[in-house]
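Please look at the sequence and the fold together, and keep both in view while reading. The paragraphs below follow a few residues step by step.

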Amino acid sequence: MRALYATDLSAASKAAIENETCLECLERIGIDTIHLVTVVPSNVHAGMPGMDLEGRRQRALDRYQSVMEDAGFEVDTHVVRGTPHRRINGIAGTVGAELTIAGSRGKSPLENRVIGSTTRNLARTTVVPLLITRIERETDEPEVRREHLFRRMLYATDFSDNAERAFEAFSTLRHATQSARLVHVQSPKDAGTTGDDGDDPSTRLDELAAQLEEWDIETEIDVRQGDPTDEILAAETEFDATTILLGSRGRSRLRRLLLGSVSESVIARAAGNVYLVPPPRSA
């Protein structure tokens with residue numbers, strides 16, 4: 001399984017790439033090849049002659065490559081120029097990556113609604129699953145907030161087709177997952193109602209939980225009422241989730257520009273990691 005790992009070569013990014021536990025988690029879900037990518041934005045210039053901007057970035061990637069190779073991965077490196085999210089998506093398609101990984105530095109509570117433009121644009125445009133690793137901010141020696149990436153998974157579902165598609169990610173994530181909480185959020189007016197197939201949310205979540213328990217994942221269900229983003233994040237805190245798993249909704253061709261408001265809010269405000277599954281390319 002091939003993954004693309006996007007890095008801006010910051011101290012925060014370095015912390016994630018060199019974290020042994022994170023690398024072990026990636027190995028456990030079947031990743032054996034990693035493409036390390038850093039993008040020099042088109043509007044960034046080398047400055048004075050002899051600065052060798054690309055060369056310095058390549059040397060930094062070479063150091064990361066050694067760390068990952070020592071951990072048992074096959075690694076290729078790419079230093080490119082352009083718009084970061086477009087180049088990252090383009091390389092992911094070219095190399096056949098099945099997962100894109102990007103870091104997002106956690107902010108203070110007052111700033112939690114703001115995420116980096118590259119991470120936000122990747123979430124809006126990715127055509128392969130995207131793992132956003134949350135990294136500490138405002139510290140000289142940042143660390144990954146939830147280094148056991150897939151140990152405690154919070155799966156949020158509205159029972160849409162793409163939520164079901166996100167659930168299928170457990171077929172690989174299960175190799176690194178010990179426990180899971182399955183969450184559905186109803187609005188107050190939906191309380192006590194059943195779906196089109198006659199099943200109430202608890203019954204539908206029980207069916208999903210049974211599948212995970214067959215894989216020896218300790219699973220619980222959680223039907224909540226209120227604002228979807230607020231309730232998902234409250235469940236994250238209560239469950240102490242390492243990663244939230246959810247799908248992004250594609251409703252038209254414009255899906256590449258518009259990410260569902262719940263997905264984007266969760267990505268921006270989550271305390272831990274987020275694993276986002278996009279709609280199929282044809283959606």
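This is a predicted model: local features need pLDDT of at least 70, side-chain atom pairs count only at pLDDT 80 or more; totals for chains, interfaces and linings use all residues.

Residues are numbered from 1 along each chain as its sequence is written, and side-chain values use heavy atoms, with hydrogens and water left out.

Helix 9 covers residues 228-239; helices here are DSSP runs of H or I with at least four residues, strands are runs of E with at least two, and both are numbered from the N terminus. Its end C-alpha atoms lie 16 Å apart, which agrees with the 16 Å that its 12 residues should span at 1.5 Å a residue, where the expected span is 1.5 Å times one less than the number of residues. At the N-terminal end, Asp227 caps the helix, with a side-chain oxygen 3.2 Å from the backbone nitrogen of Thr229. After the helix comes Asp240, whose phi is positive, near 55 degrees.

Several residues of helix 9 are buried, among them Thr229, Glu231, Ile232 and Phe239, where buried means under 20% relative accessible area, exposed over 50% and partly exposed in between, with a 1.4 Å probe and protein chains only. The buried residues of this helix pack against strands 6, 7, 8 and 9 and against helix 10.

Side chains of opposite charge can pair when their charged atoms come close. In a salt bridge, a side-chain nitrogen of Lys or Arg lies within 4 Å of a carboxyl oxygen of Asp or Glu, and by this rule the count comes to eight. Glu231 meets Arg224 in one of them, at 2.9 Å from N to O; Glu231 counts as buried because its relative accessibility is 19%, and Arg224 is buried too, at 11%. Another salt bridge joins Arg181 and Glu220, whose closest N and O atoms are 2.6 Å apart. Arg181 lies in strand 7 and Glu220 in strand 8, so this pair ties together parts that are 39 residues apart in sequence. These residues belong to a network of salt bridges that links Arg181, Glu220, Asp222, Arg224, Glu231 and Glu238.

Technical notes. Contact means heavy atoms within 4.5 Å. A polar contact is a pair of N or O atoms within 3.5 Å; within protein, one must be able to donate a hydrogen and the other to accept it, and residues adjacent in sequence count only if both atoms are side-chain atoms.
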